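The structure is shown first.

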Amino acid sequence: MIYLDNAATTPLLPAVRAAMARYLDDAFGNPSSLHRPGREARQAVEEARRFFADWLGVPPRDLAFTSGGTESNNLALYGAYLAQRDGRNHIVTTAVEHHAVLEAVDRLRLLGADVTVVPVDSDGRVDPDDVVRALRPDTALVSVMLVNNEVGTIEPVAEIARRVRERDPGIVVHSDMVQALPVMRLSLADMGVHLASFSAHKVHGPKGVGLIYVRSGTPFVSLAAGGQQEHRLRAGTEPVAGIVGFHAAMSELAAHFEDHVARLAWFRDAMWERLRSVQGAYRNSPLDSAPSILNVGFRGLRNDRLLMRLDLEGIAASAGAACSAGSLEPSHVLRAMGREAEARESIRLSFAWQNTMEEIEIAAAIMSKIVESMRSRFTNS
């Protein structure tokens, strides 16, 4: 199988599996316990926290481990809104956010939130001026993702955070950085955000583990009660083996990060170079998109049929976010970009460290043949 759906999830690295094994077997203690097994587990959790704090340029106490990007997004949005709802009940977000953000703000409407959804341009990019124009005296929160999970557009989050801060320093800025972690060297302090969300399984770590950044002093209400874990940002016994796996996975990428990013860009550009000559091919990802994602379509061909044919040929790809798999609705991201027809024709190819150039060449050749076959059948029918 040639796996090109890494934006949905990445395979576990062997070093990650090895690192986790000890904490699934002998070192199984609860990190809140005071005996030696508990202390060993606590040491592993805190070593992971210190690593991510250094990698992201923030104090360790501003980071809490979660069950993944979805929970981190929900915690950030609910926590920041509920902490301010007495004086601020307005939220600003964008039309191309992950469903973990869009559905969370929809639910916040039930709690009295007033939500403004800012549009994007044809590349899926939000204009900071539009965000600033949407701000109100009662705005509590702005949420803008850093890398779009369907087309790879890199949003101007640092500029947005700066402009929002200049307008009203009391507004909290959150960014979903799940797709950015594998491909961008992040400095959260320099970016100026108050809250950020991350996930382990996008960087060859285990599923079910994530991270939330909550800058000290940010208005925030913890949603999970019943324990003192994670600096009271998220109660509950930490998934030690998963946290160790997250640490090991990101450590592996960090050791050769520049090479890793260059490798992904090589794959993305090579794939497009081979597909661009296919009849009816077009590209939805902007030229300056994240190197891990290439969103393409073929005029007049339905993406669900193309994906089924690719699967039969041993190639795994997707039509967009895995969290909306099975939905008959076309991509909300492409529709927000003004690409209504393309939303039913386009597929997402996403790359990671385990891919090879041989796989890219084989997949492109197979895809070209499938498109030609589908187009021939469509023409003759």
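Leaving aside neighbours within four places in sequence, with which residues is R274 in contact? The model examined here is a predicted one. In it, R274 is in contact with E361, A364 and S368, when neighbours within four places in sequence are left aside.

R274 belongs to helix α9, which covers residues 257-275. Its relative accessible area is 34%, so R274 is classed as partly exposed, between the limits of 20% and 50%. Along the chain, R274 and E361 are 87 residues apart, yet their C-alpha atoms are separated by 7.8 Å. The side chains of R274 and E361 are joined by a polar contact of 3.4 Å.

**N148 in a loop.** N148 is found in the loop that runs between β5 (139-143) and α6 (157-167). With a relative accessible area of 0%, N148 is buried, because buried means under 20%. The side chain of N148 reaches the backbone nitrogen of E150 at a distance of 2.8 Å. Not counting residues up to four places away in sequence, N148 touches V96, T153, I293 and V333.

| Side chain of | Reaches | Distance |
|---|---|---|
| R274 | side chain of E361 | 3.4 Å |
| N148 | backbone nitrogen of E150 | 2.8 Å |

**Nonpolar cores.** In soluble globular proteins, nonpolar side chains tend to be buried together. The largest nonpolar core of this model has 96 residues. The members that touch the most others are L56, M177, M271, L275 and L349. Apart from this core lies another, made up of 22 residues, including A80, V105, L141 and V172. As for M271, its contacts beyond four places in sequence are L4, L294, L349, F351, I360, A363 and A364.

**The cavity.** How many cavities of 30 Å³ or more does the structure hold? There is one, and the space in the largest cavity is about 110 Å³. Its lining consists of 17 residues. Those nearest the centre of the cavity are N6, P182, K202, S292 and F351. By type, the lining divides into nine nonpolar residues, seven polar and one charged.

Note on methods: Residues numbered from 1 in each chain as written. Predicted model: local features only at pLDDT ≥ 70, side-chain atom pairs only at ≥ 80, totals over all residues. Heavy atoms only, no water. 1 Å grid on protein atoms, 1.4 Å probe; cavity = no way out; pocket = protein on both sides within 12 Å on 5 of 7 lines; lining within 4 Å. Points joined across faces, edges and corners; volume = space filled by probe spheres on them. Nonpolar A, V, L, I, M, F, W, Y, C, P; charged D, E, K, R; others polar. Core = buried A, V, L, I, M, F, W, Y, C linked by side-chain atoms within 4.5 Å. Buried < 20%, exposed > 50% of the residue type's maximum accessible area, 1.4 Å probe, protein only. Contact = heavy atoms within 4.5 Å. Helix = DSSP H or I, 4+ residues; strand = E, 2+ residues; numbered from the N terminus. Polar contact = N/O pair within 3.5 Å; in protein donor to acceptor, adjacent residues only side chain to side chain.
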